[in-house]
Amino acid sequence: MTKTFPGVVANREVGLSLRAGEIHALLGENGAGKSTLVKMIYGVLKADSGEMRWMGAPADIRDPARARALGIAMVFQHFSLFDSLSVLENIALGMPADTDRDRLKTRIHELSDRYGLPLDADRHVYTLSVGERQRVEIIRCLLQEPKLLVMDEPTSVLTPQEVAGLFETLKQLAEEGLAVLYISHKLDEIKALCKRATILRGGSVVGSVSVARESAASLAAKMIGEELKEARLRGDGKKRGPVRLEVARLDMPAADEFSIALRDIRLSVRGGEILGIAGVAGNGQDELLAALCGEARAARNNRIRIDGHPCARAGPNRRRALGLASIPGERLGHGAVPEMSLLENGLLTSYRRLGFVKRGFIRRRECRAFVARILKRFRVKAAGDGAVAASLSGGNLQKFIVGREICQSPALLVVSQPTWGVDAGAAQTIRLALRKMADKGAAIVVISQDLDELMSLSDNIAAICAGALSQPVPTDSVTVERIGLLMAGARDAN
Amino acid sequence: MLQLVKRPQPSKAMTYLSPLLALAITLCAGVVMFQAMGVSPGRALHAFFAAPLASKYGWAELGVKATPLVLIGVALSIGFRAGVWNIGAEGQLTFGAICGGGIALWLHRAETGWVLPLVLLCGALGGMAWAAIPAFLRTKFNTNEILTSLMLTYVAILVLSLLVHGPWRDPGGYNFPESRDFSESATLPIILAGTRLHLGWLLALAMVGATWALLARTLVGFQVKVIGQAPAAGRHAGFSLNRMVWFCFMFAGGAAGLAGIIEVSGPIGQLQPSISPGYGFTAIIVAFLGRLHPLGVLFAGLLLALSYLGGEAAQILLGLPLAVTGVFQGMLLFFLLACDVLIHYRIRPRRRMSSAAA
């Protein structure tokens with residue numbers, strides 16, 4: 001099947017086959033085309049070309065209603081439940097109006113007992129945890145007695161205990177003959193749950209493999225791509241300065257049940273060095289950035305030192321004063337305010353370091369010159385400094401944000417996903433700018449899911465998995481397979 | 001029939017048209033309401049919106065009523081922009097009147113120039129003190145400030161009632177629950193002879209200018225906007241949410257307290273059990289009707305002030321109940337909130353589905 005969106009081929013002649021009683025993994029990075037494929041299977045999107053066969057016969061799945069009639073059910077990442085209604089009422093909403101409520105309730109409790117999905121049909125949805133809400137969605141699907149269940153990244157919102165429970169349920173369902181299409185980019189889950197996997201990269205199938213015969217590392221390599229780009233941006237390692245950032249035995253408890261606790265993080269970065277931190281999404285990258293830039297504060301001040309100054313309990317302002325700049329992974333709403341002009345967004349992190357505020361008043365003229373410099377140096381395409389951030393394309397906004405930090409000439413830069421969702425040209429501009437900054441003596445930490453990027457850009461590399469960071473090693477000394485193993489949680493690069 | 005379709009981008013034009021549209025619908029609904037009450041809509045609307053402005057005195061009264069609405073509305077709009085929901089301006093107004101009024105009563109024999117500034121200052125400080133309670137509870141215990149600030153309103157009104165029924169009752173006042181009249185030196189001067197328009201109106205206008213400058217030109221105003229629009233970006237920039245909560249409550253509490261003391265040392269001239277016809281609550285409508293922009297709030301304050309005057313005129317000329325004022329204000333807010341849907345959505349006629357089958 002092929003599906004094209006303006007400017008991008010989301011699926012290019014993708015093929016996939018599923019058997020009854022099988023839990024089949026659909027594996028790929030963000031943007032690899034997984035969601036497009038399952039939306040076509042469920043009738044939400046229509047394929048440009050290609051065909052689907054259902055139990056041997058060609059099937060024209062025009063819309064989700066048709067998919068359900070055939071026996072295809074889907075649990076989306078985002079649930080569609082009414083908070084103020086009870087579980088029973090929510091489920092009854094999707095049923096014919098003359099459904100007998102008492103019988104429906106009995107059915108719900110039967111399914112709930114049989115598949116280990118504890119649920120009270122009379123509770124209001126707003127009182128349920130995310131895991132319990134997912135159970136409501138699963139039971140709603142099972143009531144249709146489907147033959148294929150599609151689950152779109154079901155564990156991204158679950159706690160580890162809930163994940164274990166979900167896996168038991170899915171295995172039991174598969175034993176009874178249900179086919180499950182399980183979408184994920186978490187390798188350990190796929191190793192634990194699935195027999196076969198179809199791997200997507202850049203909209204194409206790169207392999208259909210037996211999971212048991214693959215290692216986590218080889219799966220990672222297939223998912224991310226083994227071949228390295230030629231453009232090496234690594235430094236020569238001669239111009240290393242003193243240690244600028246030192247993190248020692250940093251522990252951060254999880255802020256809530258869906259965030260990752262950081263455990264015993266140790267790293268140090270010298271001037272002139274780029275340290276790459278690899279990892280599969282959701283393994284503590286956001287928490288690490290928050291801890292380094294001061295949005296989250298550690299219990300002991302000496303766990304993080306910038307140029308020797310302890311600052312693990314200091315906030316963002318104090319750390320900026322010590323020379324830090326940081327770029328969060330989320331551009332809109334975190335790195336920039338969507339509905340504010342570039343002028344105001346330029347002010348956001350620079351007003352103190354560059355002295356744009358005098359006696360409480362903003363010095364607009366000086367700030368305007370600064371923003372003009374960013375736009376020029378990084379060739380940001382925008383309708384002047386009055387354009388709102390949300391009106392820029394992803395690549396241009398990212399160039400603006402990166403430029404805003406680099407133009408402040410910080411001694412230390414921590415950046416997350418510097419080129420995520422950015423076109424190739426802009427990505428190269430950003431990588432070159434980072435390298436140039438390091439060559440001038442700055443220390444840089446790049447947190448990224450793009451392993452190609454890290455292999456070509458970073459001098460040293462480490463991987464984060466479940467909140468723990470591997471020992472950083474010179475990038476020259478490791479292979480993609482080894483990094484893949486570290487991303488999957490192996491403790492030692494050798 | 002009709003269908004709401006999400007706009008790709010919020011409509012700038014609707015942001016400004018929505019209040020006018022809401023006003024027009026309110027007038028239409030008013031016509032229906034007067035018709036149902038058996039009053040000629042033409043006469044009623046004339047009494048409501050035109051009669052009060054037929055004289056210089058009427059225009060001056062508009063300024064008198066708009067003074068507290070604009071003062072409070074402008075200050076509340078800062079908090080609403082930052083996502084700090086202070087609903088208790090009425091209580092802060094009342095406590096400001098108590099504190100400033102207390103000083104005025106205490107100094108009722110003093111006849112020097114510094115009495116009035118001192119009284120006004122204490123009024124503002126009183127409002128800030130009352131606003132400090134929900135701010136403290138929110139920053140310390142994460143208590144919902146909507147509930148605490150609202151409930152404290154009733155406490156403040158009861159404190160005022162206790163004082164004027166008890167210790168502060170005028171000794172020569174025939175046992176009426178009122179304080180003695182404030183002295184000349186604790187009373188706001190009139191700025192337009194032959195009317196009740198007082199110095200407070202100029203203070204309200206100054207407040208509009210100051211708030212505009214705060215929002216457009218200062219770091220604090222910038223922080224207000226960032227925290228309101230993108231809290232995560234504010235955190236990243238190192239702005240403190242707790243400090244913002246405190247700032248918003250102190251700013252609005254001070255303005256409300258000032259409005260309170262202006263009311264009692266201006267038009268009223270003494271402390272009474274009831275000193276405000278709900279200015280602190282109406283100011284919430286004023287803030288949103290004015291799009292949380294200082295100039296917008298100024299116009300919205302004048303409009304809502306007119307609704308108070310119109311209600312009185314309709315009472316006198318047509319014998320309509322005072323509740324008409326409240327109904328008008330309520331309808332205006334109701335229709336405004338409804339019209340605001342059009343900022344993010346547009347209406348389009350629903351295509352008739354499968355007309356062949358029908």
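**Entry 1: a strand and its neighbours**

I began with a residue pair in this predicted model: D152(A) stands opposite I183(A), which belongs to strand β8 of chain A. I then asked which strand pairs with β8(A) over residues 148-152. That is β7 of chain A, and the two run in the parallel sense over 5 bridges. Strand β3 of chain A, residues 23-27, pairs with β8(A) too, again in the parallel sense and over 5 bridges. Here I noted one partner pair: H24(A) is bridged to L181(A) of β8(A).

Next I looked at β8(A) itself, which covers residues 179-184. How many of its residues are buried? I found 6 of 6, so the strand is mostly covered, going by the cut-off of under 20% relative accessible area. I also checked which way the side chains go: A179(A), L181(A) and I183(A) point one way, while V180(A), Y182(A) and S184(A) point the other way, and all are buried.

**Entry 2: a helix**

I turned to helix α5 of chain A, residues 130-142. Its 13 residues reach 18 Å from the first C-alpha to the last, close to the 18 Å expected at 1.5 Å a residue.

**Entry 3: the cores**

I looked up the largest nonpolar core, which has 123 residues. Which of them touch the most other members? My list reads L149(A), L170(A), F400(A), I444(A), L451(A), I483(A) and F222(B). Helix α6 of chain A, residues 160-175, gives the most to this core, with 6 residues. Apart from this core lies another one of 83 residues, including V74(B), A204(B), A256(B) and V286(B).

Leaving aside its neighbours within four places in sequence, I found F222(B) in contact with M340(A), E344(A), L347(A), L348(A) and I362(A) from chain A, and with L215(B) and F239(B) from chain B.

**Entry 4: domains and confidence**

I wrote down how chain A is divided: domain 1 is 3-214, domain 2 is 230-323 + 410-494, and domain 3 is 336-408. The centres of domain 1 and domain 3 of chain A, taken over C-alpha atoms, are separated by 43 Å.

Last, I checked confidence in chain B. The average pLDDT is 91, and 98% of the residues score at least 70. Where does pLDDT stay under 50 in chain B? I found this over residues 353-358, for which the model has 0 contacts beyond four places in sequence.

Terms used. Residues numbered from 1 in each chain as written. Chains lettered and ligands numbered in written order. Predicted model: local features only at pLDDT ≥ 70, side-chain atom pairs only at ≥ 80, totals over all residues. Heavy atoms only, no water. Buried < 20%, exposed > 50% of the residue type's maximum accessible area, 1.4 Å probe, protein only. Helix = DSSP H or I, 4+ residues; strand = E, 2+ residues; numbered from the N terminus. Pairing = 2+ DSSP bridges. Core = buried A, V, L, I, M, F, W, Y, C linked by side-chain atoms within 4.5 Å. Contact = heavy atoms within 4.5 Å. Domains from an automatic or database assignment. Expected span 1.5 Å × (residues − 1). pLDDT = per-residue confidence, 0-100.
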